[in-house]
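User: Hi! I would like to learn how to read a few features of a protein model. Could you walk me through them?

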Amino acid sequence: MSVNVAEVFGQDVFNEAVMKERLPEVTYKQMVKLMEEGGDVTLELADIVAKAMKEWAIEKGATHYTHIFQPYIVSIGAEKHDSFADIPKGGKIENSFSGKDLLMGEPDASSFPSGGLRATCAARGYTAWDVGSPAYVKDGILCIPTAFCAYTGESLDTKTPLLKACDAVSKAGVRFVKMFGNTEAKKVRAYVGPEQEYFIVNREKYLERPDLIYAGRTLFGAPAPKGQEMEDQYFGPLKTKIADFMADVDEQLWKLGITVKTQHNEVAPGQHEIAPIFAPADAALDSNFLVMDVLKSTATKHGLACLLHEKPFAGVNGSGKHNNWSLGTDNGVNLFKPGKEPNKNLQFLLVLACLMEAVKKHSLLLRAAASNTGNDHRLGANEAPPAIISIYMGDQLGEIVDAIVAGVPFDKLPCATVETLDLGVSTLPVLPKDPTDRNRTSPFAFTGNRFEFRMVASSVSIGDANTVMNSMMAESFNKACDALEGAEDFEKAVIDYIYKTMKENKDIVFNGNGYSDEWVEEAAKRGLPNVKSIVDAIPAYVEPSTIEMFEKLGVLSARELEARKEIKLEEYAGLINIEARTMIDMASKLYIPSVIAFVNSVASSMNTVKSAYAQADTSAQQTILVKASSLLADAQKALDELKNVTDAAETAKEYHDTVLPTMAALRAPIDELETIVDSEYWPVPTYGELMFEV
Ligand code: ADP
Ligand code: MG
């Protein structure tokens with residue numbers, strides 16, 4: 001199968017080119033303006049656009065339309081399909097889709113979590129057309145990206161706050177660059193490139209594992225003889241099945257106008273990554289939802305299953321979503337680009353100072369916004385980023401920040417030069433060296449022209465993380481502008497501000513190994529929070545500093561934040577409850593009966609051998625019998641205990657403190673049994689089968 005990306009790209013999207021072709025010129029111009037600048041959409045305009053959209057979609061084979069929205073928490077977008085059918089007139093019907101259908105929808109929202117924002121009896125929720133995000137046709141459905149809110153107007157999705165945060169950072173950013181003489185800039189955009197990690201397993205094997213079906217991760221499983229220790233999987237050649245699957249995913253995403261660019265095998269066996277080219281944050285949010293959706297549906301089509309969970313398998317790396325993020329003006333200035341002489345680049349250094357301040361102040365909120373229940377298995381568990389938030393600057397910037405913190409005068413700051421990398425072979429080119437090396441252990445790393453926030457969970461929306469990042473930058477920019485606008489000696493005032501802010505927030509910078517024990521100690525000395533569980537991080541949503549920031553910027557109200565905290569806690573309790581009940585089910589109905597059958601067969605083998613030859617040595621059978629029986633008893637005890645604690649638990653904290661440890665106590669004997677029980681008796685596919693045999 002070979003596809004020309006230039007030919008298929010965007011063919012299923014109602015994009016600017018389609019609008020230009022199909023809309024009256026005035027309407028097209030109005031739409032372009034709305035997409036660029038926002039503003040009120042009139043019903044009259046919506047009617048004209050809806051008509052063209054309907055005709056275009058029907059030509060593409062659509063029979064239904066849906067407002068696509070992203071309820072808070074639910075990982076993959078929600079949709080409710082309506083067909084184009086109208087009331088029959090004289091036995092005939094027309095395809096109907098009006099401006100009102102395009103503008104607004106009213107799904108019964110009672111089944112979505114609202115954190116108390118809406119009583120179940122008051123179910124009304126509204127979806128509103130997001131003009132900035134183009135409609136598309138997928139699987140015969142015209143999909144219209146929308147924002148989702150309650151009857152009272154409070155947001156119930158991940159997108160609305162992000163749109164507001166993007167506006168806030170744009171306003172603050174324009175104000176900021178204006179101080180440095182950039183009076184042309186009308187907008188500052190947040191750009192995001194999310195790298196999506198995922199696992200692929202064989203579908204038949206997947207369907208034999210209730211834990212994968214219900215919990216998205218394995219709740220039992222002894223390690224396979226081989227894991228990721230040889231590091232031979234990372235960037236390794238793709239298996240044919242995987243290559244075919246990826247080619248299919250690419251084609252579908254290109255048609256949907258998503259610029260997927262990079263794909264490769266990841267560190268763990270069975271793990272892969274896909275990344276699009278970066279885009280404005282709100283578009284990146286929508287396309288990341290589509291990427292997750294297409295990965296899942298395409299896997300099924302290919303006889304595979306895609307696991308987006310953060311930790312599908314114990315003992316090997318889990319998955320995250322590296323969130324590459326930058327801020328750029330509409331006249332082409334990337335605020336995170338250091339330029340040739342960062343030591344003299346006042347605007348850049350002030351941006352960096354603001355970033356240090358923002359990350360330090362809101363580190364716990366960042367940690368909470370990037371996390372979900374599954375991510376607790378990664379953060380702080382000696383893989384991927386640690387749970388402590390710090391910023392990695394790299395050598396070049398690190399040296400400059402160190403000098404500023406040490407009080408080296410501005411004109412004496414070290415000037416790092418761009419080095420070259422000579423490989424010493426005459427046929428190989430001399431390469432310009434990147435100004436930063438990579439530090440894979442840092443949760444918030446500078447990578448040359450952007451920051452990479454590595455904590456984001458693989459299965460969640462990137463909405464929360466980017467809402468927080470953009471808001472915290474808007475807050476810091478505004479603070480700097482308040483202090484510096486109209487300063488008599490602007491340059492001196494800026495330098496003083498940079499020095500003061502960097503000194504105050506120096507503790508957030510760490511350029512060493514984030515996985516080391518020394519860092520944990522050092523971070524504690526610096527007073528940086530090291531919160532291992534999301535349950536302890538969630539309250540950051542309602543910290544006074546959080547509420548003040550979001551309310552001032554008009555991004556989220558105190559009530560909305562309280563609701564989000566509630567939803568997250570409820571989700572945690574709900575998910576652990578499902579995991580515990582799945583374990584109870586699997587242990588009672590699969591593992592324990594299988595082990596009993598196995599123990600029985602060993603016992604009868606002993607009897608048979610002994611009756612055939614009384615002096616026969618049956619010590620091997622006996623050892624196995626003793627060991628297996630004792631582990632079986634441990635498992636039964638832990639199972640009973642798990643039933644008790646699960647029945648008793650209600651709050652997220654109880655689930656964390658009592659249910660989780662009991663789940664581990666049940667898993668341990670069963671995993672050990674897996675290593676001694678005859679594989680004929682083992683009731684589910686093993687780690688080796690899942691990770692190595694697609
Ligand atoms: P890595 O080598 O870190 O795995 P990838 O190529 O997988 O890098 O992904 C890097 C991501 O960062 C891509 O989505 C890329 O488009 C994005 N990116 C590049 N430059 C910027 C930028 N200035 N702002 C935001 N994202 C960016
Ligand atoms: Mg990558």
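Predicted model: local features only at pLDDT ≥ 70, side-chain atom pairs only at ≥ 80, totals over all residues.

User: How do I read the span of helix α6?

Analyst: Compare its end-to-end reach with the value expected at 1.5 Å a residue. Helix α6 covers residues 159-179, and its 21 residues reach 31 Å from first C-alpha to last, close to the expected 30 Å.

User: Is α6 mostly covered or mostly open?

Analyst: Mostly covered, since 15 of its 21 residues are buried, that is, under 20% relative accessible area. Just after α6 comes Gly181, with a positive phi of about 90°.

User: Which residue other than glycine has a positive phi?

Analyst: Asp139 is one, with phi near 50°. Asp139 sits in the loop between β5 (136-138) and β6 (141-150).

User: Why does Asp139 count as exposed?

Analyst: Because its relative accessibility is 67%, and the cut-off for exposed is over 50%.

User: And how many disulfides are there?

Analyst: First the general idea: a disulfide is a covalent bond between the sulfur atoms of two cysteines. In this model, a search of the whole structure gives zero. As for individual cysteines, Cys149 is partly exposed at 23% relative accessible area, and Cys415 is partly exposed at 43%.

Methods: Residues numbered from 1 in each chain as written. Chains lettered and ligands numbered in written order. Heavy atoms only, no water. Disulfide = S-S within 2.5 Å. Buried < 20%, exposed > 50% of the residue type's maximum accessible area, 1.4 Å probe, protein only. Helix = DSSP H or I, 4+ residues; strand = E, 2+ residues; numbered from the N terminus. Expected span 1.5 Å × (residues − 1).
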